[in-house]
Structure formats: C-alpha cells, structure tokens
Amino acid sequence: RVLGEVFDTNPKYWINLDTSYRLWLDQEKSQKEKDADIKSEIFARMPIKDMVKKGWINSFKTTEELEAEVLQFWGWKTLEFEKVDELINEYCLTRRSEAFDQFNEYYKTTWYQMAKNVAESCSTTNYNYEALEALYNNINKFTICKNGISEFLHELEKIGVVFFVLPHLQKTYLDGAAFIYRDNPVIVYTGRYKRIDNFWFTIAHEITHV
C-alpha cells in the first residue's frame with residue numbers, strides 16, 4: 001500500500017511483482033535440485049573424475065555440459081539410467097579376488113561401454129576361427145621370443161581378432177575382457193599389472209573365452 005501511495009500505482013501491481021519474484025526464486029531452486037539429482041544419478045553409475053582424467057569424456061563446468069558428455073559416451077538421445085541398471089548383470093568380465101568387496105558393477109559396465117566405443121573405430125579382416133585355435137595352441141612359442149608379443153598381436157590382427165589396450169577404471173580390477181563386436185572377436189587388455197607374465201596369462205584367458 002505504501003509503495004502504491006508513493007508511486008501513485010495500484011497496490012496489486014506490487015503484489016503481482018512480489019508473486020512473480022517468489023515464483024522465479026522457486027524455479028531457480030527447482031532447477032538446482034534437478035541438476036543435483038542428475039549429477040547424483042550420473043556419479044553413482046560412472047567414475048566421472050577418472051574418466052575425465054583418462055580423456056574418455058571432456059571436462060565440464062555445468063550440469064548441462066556433463067549431461068551432453070554422458071549422452072555422447074553412451075550414444076543416447078536422453079538420459080536412460082535404467083539401461084545401465086539392466087546391463088550390470090549381463091556381462092561376465094571379472095573373477096573374484098581379495099578386492100571383490102570394493103568392486104563396482106556400474107564402473108565395470110562403463111568400462112565395457114568405452115571398450116565398445118573404441119572397437120567401433122577398429123577395422124580388421126574376417127574372423128578365422130581355425131586360425132585362432134591354431135595360434136592359441138602355439139602360444140608358448142611366442143612367449144619365449146624376443147619380439148613375441150608384437151608378433152603374436154600381428155598374427156591376431158591377420159586372423160580377424162581385434163586387440164587394443166584400455167586402462168581399467170577404479171574399482172573394476174579388470175585385467176582384460178573378450179566380446180564379439182560386428183562378427184569379430186575383440187580382446188581388450190588393461191595393463192593393470194605391468195608384467196609380461198600377466199599379459200600372456202590374460203591373453204590366453206581371453207582367447208579361451210572367444
């Protein structure tokens with residue numbers, strides 16, 4: 001009323017201004033709550049800091065930028081967290097160890113998605129099952145050669161097996177994985193242990209899966 005008298009306006013004008021302002025404040029608060037919920041859902045399923053550090057996604061300043069990075073990573077048009085929830089029991093990528101109580105199923109699934117993203121850019125020849133079986137039966141010959149690792153990987157490439165190194169994510173404890181992508185086997189090595197014996201054991205293990 002006082003403002004209406006001073007400025008010679010209707011008191012309802014100031015009441016409406018105040019109402020609009022309070023609604024705006026509620027909207028701002030609501031958006032912040034939405035942003036917090038989205039971040040909470042993302043960080044619960046993906047080790048974002050580790051992924052940024054490894055260059056798997058770009059750094060971000062806003063929730064909107066983070067959401068864009070997540071959508072691109074998973075190949076989604078909208079955030080579909082339930083799809084990640086459905087995938088966590090679909091893959092068998094680990095064996096139990098003393099660290100299994102700290103193992104994170106969601107991070108494992110995130111790592112596998114990155115492996116598929118890398119495989120997308122790989123090209124190779126048609127897969128030859130018999131050739132892989134023969135190569136596997138002669139794996140011991142490569143383990144004692146000076147350049148055995150590079151020669152073995154060259155042979156894998158020749159018979160249509162995709163191989164690449166992809167570092168493991170925190171709380172995944174992965175040494176490697178094998179899966180089929182576009183009719184070709186893919187073998188991924190994490191290099192978690194920088195030892196030659198671990199390389200050969202993991203390769204033999206994953207070829208057996210293939």
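The legends below describe close-up views of a predicted model.

**View 1. The sheet is open and consists of 3 strands.** The strand order is β1-β3-β2, and the pairing is mixed. β1 (162-165) and β2 (176-181) stand at the edges, each with a single partner strand, so one side of each has no neighbour in the sheet. From one strand to the next, the twist averages 20°. In general, the strands of a sheet pair through backbone hydrogen bonds, which may be parallel or antiparallel in arrangement.

**View 2. β1 pairs with β3 (residues 184-189).** These two strands run parallel and are joined by 4 bridges. Which residue of β3 is the bridge partner of Phe163? The partner is Ile187.

**View 3. Helix α6 packs on the sheet.** Helix α6 covers residues 105-120 and touches β1, β2 and β3. The direction of α6 makes about 55° with that of β2.

View 4. An α-helix has 3.6 residues a turn, so residues three or four places apart point the same way.

View 5. Glu155 is partly exposed, and its relative accessible area is 26%.

**View 6. A salt bridge connects two loops.** The residues concerned are Asp175 and Arg192, whose closest N and O atoms are 3.1 Å apart. Asp175 lies in the loop between β1 and β2, and Arg192 lies in the loop between β3 and α10, so the pair ties together parts that are 17 residues apart in sequence. Asp175 counts as buried at 9% relative accessibility, whereas Arg192 counts as partly exposed at 24%. A search of the whole structure finds 9 salt bridges, and the Asp175 and Arg192 pair is one of the salt bridges described in these legends.

**View 7. Helix α10 spans residues 196-209.** The helix has 14 residues and reaches 20 Å from its first C-alpha to its last, close to the 20 Å expected at 1.5 Å a residue. The buried residues of α10 are Asn198, Phe199, Trp200, Thr202, Ile203, Ala204, Glu206 and Ile207. What covers these buried residues? The cover includes the helices α7 (129-137), α8 (139-143) and α9 (148-158), together with the strands β1, β2 and β3.

**View 8. Glu206 lies in helix α10.** With a relative accessibility of 5%, Glu206 counts as buried. Which residues is Glu206 in contact with, when its neighbours within four places in sequence are left aside? These contacts are Gly176, Ala177, Ala178 and Ile187.

Key: Residues numbered from 1 in each chain as written. Predicted model: local features only at pLDDT ≥ 70, side-chain atom pairs only at ≥ 80, totals over all residues. Heavy atoms only, no water. Pairing = 2+ DSSP bridges. Axes fitted to C-alpha atoms, helices over the stretch in contact; angles between N-to-C directions. Contact = heavy atoms within 4.5 Å. Expected span 1.5 Å × (residues − 1). Buried < 20%, exposed > 50% of the residue type's maximum accessible area, 1.4 Å probe, protein only. Salt bridge = Lys/Arg side-chain N within 4 Å of Asp/Glu carboxyl O.
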